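Hi,

Here is the structure I promised to pass on. Have a look first, and my notes on what turned up follow below.

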Amino acid sequence: MKLHHVLATSVMILSFVAGNALAEGDEAKKQSEIRKVTSGSLEKFYKADPTLEGKVAKAPGYGVFTTYGLSFLVGGAGGKGLVHNAKTGKDTFMDMAQASAGVQIGISESEILIVFESSGAMTKFVNSGWEFGAGGGAQAGARGKSMGAGGGQNVIADAQYYTLTKNGLQAGGAVAGTKFWKDKELN
């Protein structure tokens with residue numbers, strides 16, 4: 001039960017820190033900043049794997065999130081992003097938090113791209129946003145050049161999941177739970 005409390009506390013702290021990383025200001029300013037970060041993230045993904053641009057263009061929608069995390073046996077990450085509906089042009093602004101436990105150590109800043117394969121998967125993700133994964137491995141990022149696909153570690157039905165490490169080192173095996181939810185302040 002103590003591990004559960006430590007994980008919950010880690011998630012709350014990191015979510016708070018990541019949520020406050022955006023500049024203070026009104027709703028439109030925050031939305032504009034998230035769109036700017038999203039656009040920059042997409043360019044980095046396209047540079048790392050040029051085939052992603054075609055996949056995103058053909059998809060009914062995509063999600064892009066920037067996350068910040070810290071782990072030492074128990075870890076957590078938090079961040080912000082948006083899900084873009086290609087058919088309607090609507091952006092849904094979202095928050096995310098992750099808790100993990102296992103043999104791990106690291107500090108990381110990552111970008112996540114989710115390419116939805118169906119409108120139903122995108123709608124379900126926006127409305128319920130839960131993702132759970134388990135796995136292991138090592139990933140090092142230098143100047144935003146390390147990228148990996150979800151490979152079963154993070155599972156979202158009818159979607160492809162990609163991670164791009166901005167900086168930092170993440171190594172080990174862990175069981176992680178991730179939650180994405182609508183940002184009530186920005187929607």
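Let me start with the aromatic rings: Phe65, Phe116, Phe125 and Phe180 come together as one aromatic cluster. Before I go on, the ground rules. This is a predicted model, in which local features need pLDDT of at least 70 and side-chain atom pairs count only at pLDDT 80 or more, while totals for chains, interfaces and linings use all residues. Residues are numbered from 1 along each chain as its sequence is written, and side-chain values use heavy atoms, with hydrogens and water left out.

Back to the rings. Rings of Phe, Tyr and Trp (for Trp, its six-membered ring) pair if their centres lie within 6.5 Å; planes under 30 degrees apart count as stacked, over 60 as edge-to-face and the rest as tilted. By this rule there are four aromatic pairs. Take Phe125 and Phe180: the ring centres are 4.9 Å apart and the planes sit at 50°, so this pair is tilted. Phe125 belongs to helix 4 (residues 119-128) and Phe180 to strand 5 (residues 159-182), so the pair ties together parts that are 55 residues apart in sequence. (Helices, H or I with at least four residues, and strands, E with at least two, are DSSP runs numbered from the N terminus.) Are these two buried or exposed? Phe125 is buried at a relative accessible area of 4%, and Phe180 is buried at 0%. For the cut-offs, buried means under 20% relative accessible area, exposed over 50% and partly exposed in between, with a 1.4 Å probe and protein chains only.

Next, the salt bridges. I count a side-chain nitrogen of Lys or Arg within 4 Å of a carboxyl oxygen of Asp or Glu, and the structure holds five of them.

- Arg35 pairs with Asp91, with the closest N and O atoms 2.8 Å apart. This links distant parts of the chain, since Arg35 is in helix 2 and Asp91 in strand 2 (residues 91-116), 56 residues apart. Arg35 is partly exposed at 39% relative accessibility, whereas Asp91 is buried at 14%.
- Glu111 pairs with Lys44, and here the closest N and O atoms are 3.9 Å apart. Glu111 is in strand 2 and Lys44 in helix 2, so the pair ties together parts that are 67 residues apart in sequence. Glu111 is buried, at 1% relative accessibility, while Lys44 is partly exposed at 38%.
- Lys80 and Asp95 meet at 2.6 Å, N to O. Lys80 is in strand 1 and Asp95 in strand 2, 15 residues apart, and the pair links distant parts of the chain. Both Lys80 and Asp95 are buried.

Lys80 and Asp95 also belong to a network of salt bridges together with Asp183.

Finally, two residues and their surroundings, where contact means heavy atoms within 4.5 Å. Ser41 is in helix 2 (residues 27-48) and counts as buried, at 0% relative accessibility. What does Ser41 contact, leaving aside its neighbours within four places in sequence? Val64, Thr66 and Glu111; that Glu111 is the salt-bridge partner of Lys44. Thr67 is in strand 1 (residues 61-85) and is buried, with a relative accessible area of 7%. With neighbours within four places again set aside, the contacts of Thr67 are Gly78, Gly79, Met96, Ser108, Glu109, Ser110 and Ile112.

Cheers
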